[in-house]
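Subject: Structure handover and notes

Dear colleague,

I am passing on to you the structure shown below, together with some notes on what turned up in it. Please read them with the structure open beside you.

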Amino acid sequence: MTAANLRDVLTPAMTGHYAVAGLVVLGWEDAVAFVEAAEETGLPVILQAGPGCRAHTPIPVMAAMFRHLADQASVPVVCHIDHAYSIDECRQGIDHGFTSVMFDGSKLPIDENIEMTSRIVALAGKSGVSVEGEVGFVGYSGGHQSNLTAPEEAARFNQFAGADALAISIGNVHLQTEKTGSLDIDALRAVEAVTTMPLVLHGASGIPPETRRWLAQNSRICKFNVGTELRMVFGQALRASLAENQGFDRISLLKPVIAPMREAAKDILKELSGA
């Protein structure tokens, strides 16, 4: 199946009252596990290359890897740049084959955020690439604090930016290892009341699974970004592999992490789909 973009997977999710997982990829084993999970469940998946991933592995390499897996899959696979902070970074992703880009203008004044996002939308549209934006700042566990999404700013972004999806801040936090996060549902409803596009929740690892499932079925949040939760599975699986294998071949050391990550990803995909 040809690689998909966000419009291909989020529009059906929004009308069907379910959500799609955006899974953060840091290497080959992650990407293989996540696509295998999508294949085995018959559900779409969004492979995400974030700033840390791109700092470690160049965009052209990640793009080729994502597209290789996506173009051979029998289910929709979105090849997504996560948290790009410049037009140039989005352009690189588009030029090398990513099917979707996220421009994070959440720290900018809303007018500048809209203007920058709309320029990226115009650029991306020439290649059939989708664009995710962000209004309201999603903080980090132990780091910068969040700023909730202001409904009036979300409304302006929805009307003028031209993006395909909007990431919002309603109490969600990046890099949270415990599933103790609480969300401001009133803030969510206020944003939903003044927008029409699919909404995105970053930092979903810290949100209890039952809450994610409920939101997928009862709100316009159609995309949940999950990274930390899966990195923890990777770390545990790799430690077990190192304990059992005293060799030095990286392939034999890393291959055992694929199955646990695939099973964890399957649980997330099914949870968000309502399966």
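Predicted model: local features only at pLDDT ≥ 70, side-chain atom pairs only at ≥ 80, totals over all residues.

Strands

Strand E5, made up of residues 130-135, is mostly covered, since six of its six residues are buried. In a regular strand the side chains alternate between the two faces of the sheet. In E5 both of these faces are covered, with Ser-130, Glu-132 and Glu-134 buried on one side and Val-131, Gly-133 and Val-135 buried on the other. Strand E4 (residues 100-103) runs parallel to E5 and is joined to E5 by three bridges, and within this pairing Val-101 has Val-131 as its bridge partner. Between E4 and E5 the chain passes through helix H6 (residues 110-125), in a β-α-β crossover that is right-handed. E5 is also joined to strand E6 (residues 165-168), by four bridges and again in parallel, and here Val-135 stands opposite Ile-168.

Nonpolar cores

The largest nonpolar core has 74 residues, and the members that touch the most others are Leu-23, Phe-34, Phe-66, Phe-98, Leu-201 and Phe-224. If neighbours within four places in sequence are left aside, the residues in contact with Leu-201 include Ile-168, Leu-183, Ile-207, Leu-215 and Phe-224, as well as Asn-172 and Lys-223. There is also a second, separate core of 13 residues, with Leu-6, Ile-46, Ala-165 and Cys-222 among them.

Helices

Thr-15 belongs to helix H1, which covers residues 6-16. Is Thr-15 buried or exposed? Thr-15 is exposed, because its relative accessible area is 59% and the cut-off for being exposed is over 50%. A polar atom of the Thr-15 side chain lies 3.1 Å from the backbone oxygen of Pro-12, while the C-alpha atoms of Thr-15 and Glu-152, which are 137 residues apart along the chain, are separated by 24 Å.

Helix H12 has 16 residues, 258-273, and at 1.5 Å a residue it should therefore span 22 Å, which agrees with the 22 Å between its end C-alpha atoms. The buried residues of H12 include Ile-258, Met-261, Ala-265, Ile-268 and Leu-272, and Arg-262, Lys-266 and Glu-271 are also among them. Just after H12 comes Gly-274, which takes a positive phi of about 85 degrees.

With best wishes

How values were computed. Residues numbered from 1 in each chain as written. Heavy atoms only, no water. Helix = DSSP H or I, 4+ residues; strand = E, 2+ residues; numbered from the N terminus. Expected span 1.5 Å × (residues − 1). Buried < 20%, exposed > 50% of the residue type's maximum accessible area, 1.4 Å probe, protein only. Core = buried A, V, L, I, M, F, W, Y, C linked by side-chain atoms within 4.5 Å. Contact = heavy atoms within 4.5 Å. Polar contact = N/O pair within 3.5 Å; in protein donor to acceptor, adjacent residues only side chain to side chain. Pairing = 2+ DSSP bridges. Right-handed = clockwise from strand over helix to strand, strands pointing away.
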